[in-house]
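Dear colleague,

I am passing on the structure below, and after it you will find my notes on a few local features. Please read them alongside the coordinates.

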Amino acid sequence: MPIGIFAQRTGLTSSALRFYADSGLLPPAEVDPVTGYRYYGTDQVEPATVLRRLREIAMPLAGVEAVLGSTPREALRLLDEHVSDVVADAAAAQRKAAVIRSTLSNEPGLPIVALRGPVLADAVEQTLTASAYDTATPVLGGLRVETSHEAVALTATDRYRLSTRTLMPAEPPEQSWAGTVAGDELRIAVVEIRRSALVRLEAVPHGIWLRVEDGEDRYCRLLPDAYPDHRLVLASLGAVSTRATVSKESLLRALQDHPGRRTALHIADRTVGVAGADGDQLSTPLPATVTGPALRIWFELTTLYPAVSTAIGPDVMLDLRGHDQPVTIRSADRGDLTTLAMPIKPPAKPDGSA
């Protein structure tokens, strides 16, 4: 096929194809000796498309050549290595930019609070499971940090789950403060945070510094958009009508045994059962401590499973308010991590009823 048609099918421009031909990376199948027109075969569409996509993620020509000439397994390894290098370079650029920004602003950091590094690292990982990558609402990818003179609260939500954990500071907080920290940057910083016995949080105009002991300080951006009013959500919760305490591991295993997007919990006298979205095929009832009336409630598995899995300790406590109200999932022996999970509507039965 002529170079123009080949360009349309592969998403590469004619000039790019000429460049890749001249570099030996993608030579045409045939070149007219009189006119010099270049022609490509249909079997070249796929490698040309792969080439374009690799260049779109900034892979150098040598790397592209290695990928195109390797086995599928080796190509995957090379691709993973390149992405890892890009992410590391981006993180390094962010750290360097943070230092430059701090120098240009010429404003001293505002001390916020000091926390135990391993405890903070665990809390960040636990709460961020409830965050979401949403290009329309970037703030949902952040972690809300709020300090008072008594405690530090970390909160994340994707609007279907809301996780909050309260930490006791290692030293009395300097003052009250609140901000939403970029979750992706915090995840990178967790490695350094965990290795430090003490981490001091210091606010600057557009971010926070995580000052660590015997390590490299980390900078994380603050997200400027308004954070959802999670306090209003917590304050508006109705009274608990049914409460169940059940083994965390047993409940997780029961959820794993029911494939599919939706699952149902059956709360009854001294048991908690798990069923598929149709409400049938009930698992072996799990021993539980239950108070209040029996209840059946449905969830998306992607909402319920991580809410249970991040609980602290061997048991979880489920506070239920009805089949259509948020469920509070707490660690039965430690109340400093709390997660809200939003249920879904019961599936319709064959006769059309719920």
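In these notes a residue is called buried under 20% relative accessible area, exposed over 50%, and partly exposed in between, with a 1.4 Å probe and protein chains only. This is a predicted model, in which local features need pLDDT of at least 70 and side-chain atom pairs count only at pLDDT 80 or more, while totals for chains, interfaces and linings use all residues. Residues are numbered from 1 along each chain as its sequence is written, and side-chain values use heavy atoms, with hydrogens and water left out.

Ala 58 has a positive phi of about 65° although it is not a glycine, and it sits in the loop between α3 (45-56) and α4 (61-68), where helices (H or I, at least four residues) and strands (E, at least two) are DSSP runs numbered from the N terminus. Ala 58 counts as exposed because its relative accessibility is 55%.

A positive phi of about 65° is also found at Arg 270, again not a glycine, which belongs to the loop between β12 (262-268) and β13 (271-276). With 57% relative accessibility, Arg 270 counts as exposed.

Turning to helix α7 (residues 183-194), Ile 188 lies within it and is partly exposed, at a relative accessible area of 37%. Glu 192 is also placed in helix α7, but Glu 192 is buried, since its relative accessible area is 9%.

Best regards
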